[in-house]
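Subject: Structure handover

Hello,

Please find the structure below. My notes on it follow.

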Amino acid sequence: MQSSFVRADAEALVAHYAKARVSRDLALRVYTTRLLGADPRLVLHGGGNTSVKTRMPDLMEREAEVLCVKGSGADMAAIEPAGLPAVRLAELRLLRAREALSDEEMVRLQRANLIDPMAPNPSVETLLHAFVPHKFVDHTHATAVLSLIDQPDGEARAAEVYDGRMGIVPYIMPGFALAKKAAEIYEANAAANGLILHKHGIFTFGGSAEEAYERMIDMVSLAEAALRRGRRAVFASAPTLPSPASGGGSIDFPSPAACGGGSIDFPSPACGGGLGRGLLRLAEVAPIVRGACALKDTANGAHRRLIVEFRSGDAILNFVNGADVRRYATAGVVTPDHTIRTKNWPLVLDAPQESRGFAASTAAAAAAFMANYRRYFARHNARCGGIKTMLDPQPRVVLVPGLGLFGLGRSKKDAKIAADLAEAAVETITGAEAIGRFESISEADMFDCEYWSLEQAKLGAAKELPLAGQIAAITGAGGAIGAAAAKAFVAAGAEVALLDVNEVAARTVAQATGRAALALRCDVTDAASVQAAFDNVAESFGGVDIVVSNAGAAWQGRIGEVDETTLHKSFDLNFYGHQRVAQAAVRIMRAQGTGGCLLFNTSKQAINPGPNFGPYGLPKAATLFLARQYALDHGADGIRANAVNADRIRSGLLTDAMIAERAKARGLTEAEYMSGNLLGREVTAEDVAQAFLAQALALKTTADVTTVDGGNIAAALR
Ligand SMILES: [Zn+2]
């Protein structure tokens with residue numbers, strides 16, 4: 001591992017923060033914390049922590065000796081000085097004299113001694129930082145170190161590799177007891193550069209930010225070297241591991257079984273075969289996996305769904321294709337704090353072979369996973385006196401031989417975090433298996449971390465939005481109503497896929513949502529384009545739950561004279577377009593088995609025809625009945641179908657120029673024309689979007705037509 005320390009960059013950051021009266025010590029602390037945080041081989045997503053012992057004025061302008069330590073759960077890669085709350089050091093050190101200290105007391109004491117009472121909670125490992133004397137303390141969960149120590153004899157291996165340069169601390173859950181033990185071990189060998197925490201990670205110490213950082217790089221590099229040395233010896237003597245010679249060029253560890261013809265009968269990319277024939281495509285697999293991992297029929301008939309993030313590549317395929325994957329993949333977490341993001345073990349599926357009932361085996365495997373999780377919780381909750389509340393039992397990582405892995409989460413962001421941690425686990429476990437046998441902490445220790453209030457606090461207690469975990473696809477998303485719908489569904493917590501024949505317009509709307517919205521080109525008059533777009537949505541998010549079928553355009557013509565081509569064009573977009581979109585969505589919804597909601601943008605024209613608007617109104621009327629037909633035919637699948645019948649909305653169909661022209665023709669002002677309804681108020685795209693959202697949220701409402709026109713009695717439904 002190479003050092004990224006650049007003195008000029010460090011000094012530039014010191015100068016930058018000096019303007020904001022941030023001390024040199026703290027600025028340097030920020031600099032190397034970011035260096036550590038930027039390398040996924042060291043820390044990921046809120047893992048790891050750092051500190052500096054320094055002096056600063058308190059709120060009363062009195063100089064105080066403090067520990068500036070990373071806030072709990074903060075991201076090291078993007079840390080700012082405020083992310084390292086200052087705690088009075090002398091008071092923290094006093095705590096060492098205690099025999100015991102509960103977590104709640106520890107948090108309260110730490111908070112009581114914050115210089116700024118508004119600062120975030122200091123790291124759960126604050127006391128360890130306080131109890132060692134060094135000015136700078138760095139802590140990571142380096143992959144190479146974990147590969148070395150996540151072994152039955154990990155402590156002995158670390159002792160051999162570090163040969164007195166690091167103290168070796170047995171596994172103890174983070175908190176007061178670990179801090180005391182770590183300090184004792186350090187004091188028994190005060191020349192050590194840091195500490196190895198068995199099955200957890202590594203601390204390095206230094207008199208300067210550079211020294212602590214460089215020691216981290218050096219100590220992790222020693223672990224990397226040990227892995228390289230050990231790997232060759234193990235390969236030669238392990239008959240179950242085929243030689244890495246069968247692997248692709250970039251792979252430096254063996255593919256356990258895929259090339260050796262073990263129990264798996266599809267070719268691995270490592271053998272040059274690509275994905276095996278007969279395997280389902282990702283777009284087919286993802287909805288099956290996502291549906292199986294949903295918690296079905298919770299309160300009020302709702303499903304608790306997750307979003308997925310797919311990952312693959314040589315390293316992942318070698319891992320998931322291994323004959324022994326169920327053993328090493330489900331042996332536990334690679335470092336304790338992963339448990340809150342990934343749970344303690346992944347769901348391991350069969351290879352997705354069409355002939356082998358992948359959907360049925362996946363549903364059974366997911367159900368077994370969740371039943372097992374409930375038993376695990378009951379077992380350990382009983383040990384803790386029954387005081388814990390069970391978290392959801394849904395998997396957060398799913399391994400699919402032949403394909404790759406899925407991270408799952410209540411949002412795309414959380415799914416990506418789970419996938420990142422899963423990838424780090426693949427690397428760690430692959431390294432551990434190459435030199436020995438991967439072993440995690442005990443199940444009881446994992447439970448204690450997963451259900452530790454201080455770990456759960458890292459996830460925050462934000463109230464979930466009503467559409468969290470759901471995926472909404474919106475067609476015609478580049479237009480006014482599509483954009484308003486995108487905004488409304490994002491605000492309700494959904495992930496959104498924005499489909500439009502004009503991809504640039506879809507991208508513009510995606511950027512405006514402020515969320516990782518997916519923008520796709522989709523021509524709803526082209527079945528292949530619709531299929532490709534929905535495949536892409538399934539691959540990107542795992543499936544689809546809500547469709548706002550909104551794409552449309554207006555044609556005019558007096559019905560007794562209009563040519564058939566015009567009618568065909570309008571039907572192709574304003575009826576068949578909706579049918580193609582709905583059919584593609586229903587296929588995915590049925591694979592998920594968690595119902596869904598189809599929402600159609602019909603029009604006042606569907607109910608109350610306007611003169612010379614037959615070419616537009618006729619297909620819209622058919623689409624109104626299309627919604628009813630879907631409600632009828634797919635109600636048993638839990639799929640709802642509703643329509644919004646809107647009128648006179650400023651949009652691509654009713655441009656400002658058209659408004660001016662029509663107002664003039666009627667002898668009205670534009671404002672009078674736009675508010676010419678019973679309520680006397682203009683109806684906006686946002687009003688239409690809110691109607692779609694209301695239909696999506698009304699779980700017992702199907703075959704509904706909601707009118708959004710400010711009141712037009714001639715268009716009112718009977
Ligand atoms: Zn840690």
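**Helix contact**

The axes of helix H10 (residues 282-292) and helix H21 (residues 564-592) come within 7 Å and cross at roughly 45 degrees. Helices (H or I, at least four residues) and strands (E, at least two) are DSSP runs, numbered from the N terminus. Axes are lines fitted to C-alpha atoms, for helices over the stretch in contact, and angles run from 0 to 180 degrees between N-to-C directions. H10 and H21 are therefore oblique to each other; angles under 35 degrees count as roughly parallel, over 145 as roughly antiparallel, 65 to 115 as roughly perpendicular and the rest as oblique. On the H10 side, Pro287, Ile288, Arg290, Gly291 and Ala292 make the contact, and on the H21 side Ile588, Ala591 and Gln592 do. Contact means heavy atoms within 4.5 Å. Five of these residues are nonpolar, two polar and one charged. For these classes, Ala, Val, Leu, Ile, Met, Phe, Trp, Tyr, Cys and Pro count as nonpolar, Asp, Glu, Lys and Arg as charged, and the others, Gly among them, as polar.

**Basis**

This is a predicted model, in which local features need pLDDT of at least 70 and side-chain atom pairs count only at pLDDT 80 or more, while totals for chains, interfaces and linings use all residues. Residues are numbered from 1 along each chain as its sequence is written, and side-chain values use heavy atoms, with hydrogens and water left out.

**Sheets**

Two strands pair if DSSP finds at least two bridges between them. E5 runs parallel to strand E6 (residues 194-197), joined by four bridges, and Val169 stands opposite Leu197 in E6.

E9 pairs with E10 in the parallel sense over two bridges, and Leu347 has Val398 of E10 as its bridge partner.

**Cavities and pocket**

There are two cavities of 30 Å³ or more. On a 1 Å grid over the protein atoms alone, a cavity is a set of points where a 1.4 Å probe fits but cannot get out, and a pocket is an open set with protein on both sides within 12 Å along at least five of seven lines; lining residues have an atom within 4 Å of a point. Grid points are joined across faces, edges and corners, and a volume is the space filled by probe spheres set on the points.

The largest cavity holds about 190 Å³. Its lining has 18 residues, with Ala329, Thr342, Pro346, Ala422 and Ala425 nearest the centre. By class, the lining has 13 nonpolar, four polar and one charged.

The second largest pocket has a volume of about 970 Å³. Its lining of 41 residues includes Ala554, Tyr616, Ser651, Leu653 and Leu654, the closest to its centre.

Regards
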